[in-house]
Amino acid sequence: MAQGTLEVLLVGAKGLEDTDFLSDMDPYVILTCRTQEQKSSVASGKGTEPEWNENFVFSVNSEGVSELTLKIMDSDNISQDDFVGEATISLDALFTEGSIPPTVYNVVKDQEYRGEIRVGLNFIPEERRERNSGAEEESVGGWKESSYSY
């Protein structure tokens, strides 16, 4: 069981289905990792090919988390925001590899292809931090620092 930090780089999307007929879409993404949810900025007027280049951080446990869901929405001022599509990314390979460079994932709505989204992933296990902090504790005080002479 590995606990740690999931870093998500939301790069951009292209070929999205245009949900606005009179103007360009204002897309944003809701990132969901189990019970944690974060929202990107709104790419105002960027239409079907938005770019965000934003980073998001989630605390995860590799046993309890198996996927990251990216839900693309179109921000509307007058009516309710429109659902554009979503991508679900399996995290199993990430927990094995440690990082996945920015990769293209299909955006799906009603089981049909609706464009693609580009995302980079990085997993930093907590165990690394624990080992480092343990080493610091050993070198402070205790036998190594004793000034008693025999």
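The conversation below takes up several terms and sets each value against its cut-off.

Analyst: Please keep in mind that this is a predicted model, and that the protein chain in it has two helices and eight strands. Read along the sequence, these elements follow the pattern β-β-β-β-β-β-α-β-β-α.

User: What makes Glu116 and Lys14 a salt bridge?

Analyst: A salt bridge requires a side-chain nitrogen of Lys or Arg within 4 Å of a carboxyl oxygen of Asp or Glu. For Glu116 and Lys14 the distance from N to O is 3.8 Å, and therefore the pair is called a salt bridge by that cut-off. Glu116 belongs to strand β8 (residues 112–125) and Lys14 to strand β1 (residues 3–14), so that the pair, 102 residues apart, links distant parts of the chain. By this rule the count comes to four salt bridges.

User: Why is Glu116 called buried, and why is Lys14 called partly exposed?

Analyst: The word buried is kept for residues under 20% relative accessible area, exposed for those over 50%, and partly exposed for those in between. Because Glu116 has a relative accessible area of 19%, it counts as buried, whereas Lys14, with 45%, is partly exposed.

User: Which salt bridges does Arg114 form with Glu17 and Glu112, and how do you know that they qualify?

Analyst: The side chains of Arg114 and Glu17 meet at 3.5 Å, N to O, and the closest N and O atoms of Arg114 and Glu112 are also 3.5 Å apart. Since the cut-off is 4 Å, each of these pairs is therefore called a salt bridge. Arg114 itself is buried, with a relative accessible area of 17%, while Glu17 at 30% and Glu112 at 44% are partly exposed. Glu17, Lys109, Glu112 and Arg114 are linked in a network of salt bridges.

User: Why are Phe95 and Phe123 called an edge-to-face pair?

Analyst: A pair of aromatic rings is described by the distance of the centres and the angle of the planes. Two rings pair if their centres lie within 6.5 Å, and planes over 60 degrees apart count as edge-to-face. The structure holds one aromatic pair: the centres of Phe95 and Phe123 are 4.8 Å apart, with 80° between the planes, and the pair is edge-to-face. Phe95 lies in helix α1 (residues 92–97) and Phe123 in strand β8, so the pair ties together parts that are 28 residues apart in sequence. Phe95 and Phe123 are both buried.

User: How do you know that the charged end of Lys39 sits over the ring of Tyr28?

Analyst: One condition is that NZ of Lys lies within 6 Å of the ring centre, and another is that it lies within 35 degrees of the ring normal. The charged end of Lys39 is 4.5 Å from the centre of the Tyr28 ring, and it is listed as sitting over that ring.

User: What makes β2 and β3 paired strands?

Analyst: Two strands pair if there are at least two bridges between them. Strand β2 and strand β3 (residues 36–39) have four bridges, in the antiparallel sense, and therefore meet that requirement. Leu31 stands opposite Gln38 in β3.

User: Why is Val29 called buried, and which residues does it touch?

Analyst: Val29 lies in strand β2 and has a relative accessible area of 0%, so it is buried. Not counting residues up to four places away in sequence, Val29 touches several residues, including Leu10, Trp52, Leu70 and Ile117.

Technical notes
Residues are numbered from 1 along each chain as its sequence is written. This is a predicted model: local features need pLDDT of at least 70, side-chain atom pairs count only at pLDDT 80 or more; totals for chains, interfaces and linings use all residues. Side-chain values use heavy atoms; hydrogens and water are left out. Buried means under 20% relative accessible area, exposed over 50%, partly exposed in between (1.4 Å probe, protein chains only). Rings of Phe, Tyr and Trp (its six-membered ring) pair if their centres lie within 6.5 Å; planes under 30 degrees apart count as stacked, over 60 as edge-to-face and the rest as tilted. Contact means heavy atoms within 4.5 Å.
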